[in-house]
Amino acid sequence: GAQGPGNIVEKNVVLDVALRLQNILAQRGIQVLMTRTDDTFFSLQERVEMAERYRADLFLSLHVNASFHDEVSGIEIFSAAEETYWPDVHESLTGAVESSEESFSDEPGELRRYRNAKKNLRDQSQALAEYISTQLSGALAARNRGVKREHFYVLTEATVPAILIEMGFVTNGTEGRKLNTPEYRQALAQALAQSLLDYESQ
């Protein structure tokens, strides 16, 4: 993960903020399932499978950023890219189309439902990302780097709305020092929790 001056390490910052967020939301009666609660590594596939296995309503992937340019700062959020192509799924659902009219009448409908479901997830994720981006940067007086769309595995393969949050740059002197303090990590967790609760209540 990202590292910055003063021995600040991404995995430590992220886990601390995540545990604080879990505690805040638990106090509001919301169950938060963590992919890790200690220095344990899980693959991207395992993380997505956890969300599916426990029937999560939302998938949050928390990170801190790094740059070769130490002046770069701010919060940015990612959601799934607009149109992702899954060749294995596409082939499995359309492979029989050439062989029979009966397949033609059935399989494309299944593929269409699949694509519509994926689009619905992307739209929900994008709306959540835009809301969290505005609320989080405002609450923390941090630069808003906006919402971007990427083909990150945990975003494109999640079966629930999913966003990836870069909570700041450890390589920026000012932001890195903030991220290295328990006070700012608590502020991050509180702002994120409040943003999620406000979005849900809309």
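**Entry 1: aromatic pairs**

I searched the whole structure, a predicted model, for aromatic pairs and found two. I wrote down the one between Tyr131 and Tyr199, which is tilted, with 5.5 Å from centre to centre and 55° between the planes. I then looked up where the two rings sit in the chain. Tyr131 belongs to helix α4 (residues 101-140) and Tyr199 to helix α7 (residues 182-200), so the pair links distant parts of the chain, 68 residues apart.

Are these two tyrosines buried or exposed? Tyr131 has a relative accessible area of 19% and is buried. Tyr199 comes out at 24% and counts as partly exposed.

**Entry 2: the chain as a whole**

I counted the secondary structure next: the chain has seven helices and six strands. Along the sequence I read the pattern β-β-α-α-β-β-α-α-β-α-β-α-α. Of the 202 residues in the chain, 43% are buried. For the accessible surface I noted about 11,500 Å², with 48% of that belonging to carbon and sulfur atoms.

I also checked how far apart in sequence the contacts reach. Taking contacts between residues at least 6 apart, I found that 78% join residues at least 24 apart.

**Entry 3: the sheet**

Which strands form the open sheet, and in what order? I traced four of them in the order β3-β6-β4-β5, with mixed pairing. At the edges stand β3 and β5 (144-150), and each has a single partner strand, so one side of each lacks a neighbour in the sheet. Ignoring direction, neighbouring strands here are turned by 20° against each other on average.

I went through the pairings of β6 (residues 162-169). With β3 this strand runs parallel, and six bridges join the two. On this side I noted that Ser61 stands opposite Leu164 and that Leu60 has Ile163 as its bridge partner. With β4 (residues 75-80) the direction is antiparallel, and three bridges make the join. There, Glu76 has Glu166 as its bridge partner in β6.

I then looked at burial in two of these strands. In β6, eight of the eight residues are buried, so this strand is largely enclosed by the rest of the structure. In β3 (residues 59-65), six of the seven residues are buried, so β3 too is largely enclosed by the rest of the structure. I set this beside the sheet order, in which β3 is an edge strand.

In soluble globular proteins, nonpolar side chains tend to be buried together. I looked for such groups here. The largest nonpolar core has 32 residues, and Leu62, Ile132 and Ile165 have the most contacts inside it. Two or more residues each come from α1 (10-27), β3, β4, α4, β6 and α7. I noted α7 as the element that gives the most, with eight residues.

I took Ile165 for a list of contacts. Leaving aside neighbours within four places in sequence, Ile165 touches Leu60, Ser61, Leu62, His63, Glu76, Ile77, Ile132, Leu136 and Leu192.

**Entry 4: Asn12 and Asn180**

I looked up Asn12 in helix α1. Asn12 is partly exposed, at 44% relative accessible area. How many residues lie between Asn12 and Asn180 along the chain, and what separates their C-alpha atoms? They are 168 residues apart in sequence, and I have the C-alpha atoms at 9.4 Å.

**Entry 5: positive phi**

Most residues other than glycine have a negative phi. Arg55 is not a glycine, yet has a positive phi of about 55°. I placed Arg55 in the loop between α2 (44-53) and β3, and its relative accessible area of 74% makes it exposed. Ala141 also has a positive phi, near 55°. I found Ala141 in the loop between α4 and β5, exposed as well at 71% relative accessible area.

Notes:
Residues numbered from 1 in each chain as written. Predicted model: local features only at pLDDT ≥ 70, side-chain atom pairs only at ≥ 80, totals over all residues. Heavy atoms only, no water. Buried < 20%, exposed > 50% of the residue type's maximum accessible area, 1.4 Å probe, protein only. Helix = DSSP H or I, 4+ residues; strand = E, 2+ residues; numbered from the N terminus. Pairing = 2+ DSSP bridges. Contact = heavy atoms within 4.5 Å. Areas by Shrake-Rupley, 256 points an atom, 1.4 Å probe, with all protein chains shown as cover. Phe/Tyr/Trp six-rings, centres within 6.5 Å; stacked < 30°, edge-to-face > 60°. Axes fitted to C-alpha atoms, helices over the stretch in contact; angles between N-to-C directions. Core = buried A, V, L, I, M, F, W, Y, C linked by side-chain atoms within 4.5 Å.
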